[in-house]
Amino acid sequence: EVLLNAGYHSTDELLQGWALMVALSKLDQYRAECEFFAGKYQQSLDEFAQRVREQTGYEKFEEEDDLDDWSFALQALNWWKDKVEELRSVPYA
């Protein structure tokens, strides 16, 4: 009765809606992280990665850590984008 009054016709529909909200939240989180690094370094991930890899004679641990974090954030962003599309394309059970 509670689900019906909230607009859900089944627990599957509720779970799918909840999963979509989680996925959208994660999408926003990783998008913001990618935007943070792009703003911090004023270049794309590919440009930044090339610059970090070309550094010789010294190490900038912060930049190397940021490269790893940025790369992970972009991979996660793309994964969550796929999940959002998947959740939006599947009809409720």
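**From a turn to the whole chain**

Just after H2, Gln42 takes a positive phi of about 50°, where helices (H or I, at least four residues) and strands (E, at least two) are DSSP runs numbered from the N terminus. Most residues other than glycine have a negative phi. Gln42 lies in the loop that leads from H2 to H3, and Gln42 counts as exposed because its relative accessibility is 65%; buried here means under 20% relative accessible area, exposed over 50%, and partly exposed in between, with a 1.4 Å probe and protein chains only.

This is a predicted model, in which local features need pLDDT of at least 70 and side-chain atom pairs count only at pLDDT 80 or more, while totals for chains, interfaces and linings use all residues. Residues are numbered from 1 along each chain as its sequence is written, and side-chain values use heavy atoms, with hydrogens and water left out. The mean pLDDT of the chain, the predictor's confidence in each residue from 0 to 100, is 92, and 98% of the residues score at least 70.

The chain contains four helices and zero strands. Helix H2, with 31 residues, reaches 45 Å from its first C-alpha to its last, close to the 45 Å expected at 1.5 Å a residue, the expected span being 1.5 Å times one less than the number of residues. The C-alpha trace of the chain spans about 65 × 20 × 20 Å along its principal axes. The radius of gyration is 19 Å, whereas a compact globule of 93 residues would have one near 12 Å; the value is taken over C-alpha atoms, and the globule rule is 2.2 Å times the number of residues to the power 0.38.

Buried residues make up 26% of the 93 residues in the chain. Those of H2, among them Leu27, Tyr30, Cys34, Phe37 and Tyr41, pack against H3 and H4, with contact meaning heavy atoms within 4.5 Å. On H4 the buried residues include Leu67, Trp70, Ala73, Leu77, Trp80 and Val84, and their cover includes helix H2 (11-41) and helix H3 (45-54).

In the largest nonpolar core there are 17 residues, and those with the most contacts inside it are Tyr30, Phe48, Leu67, Trp70 and Trp80. H2, H3 and H4 each supply at least two residues of this core, and the largest share, seven residues, comes from H4. Such a core is a set of buried Ala, Val, Leu, Ile, Met, Phe, Trp, Tyr and Cys residues joined through side-chain atoms within 4.5 Å. Setting aside residues up to four places away in sequence, Trp70 touches Cys34, Phe37, Ala38, Tyr41, Gln43, Ser44, Leu45 and Phe48.

Asp66 also belongs to helix H4, and Asp66 counts as buried because its relative accessibility is 9%. Beyond its neighbours within four places in sequence, Asp66 is in contact with Phe37, Lys40, Tyr41 and Phe48. Asp66 and Tyr41 stand 25 residues apart in sequence and 9.9 Å apart in space, C-alpha to C-alpha.
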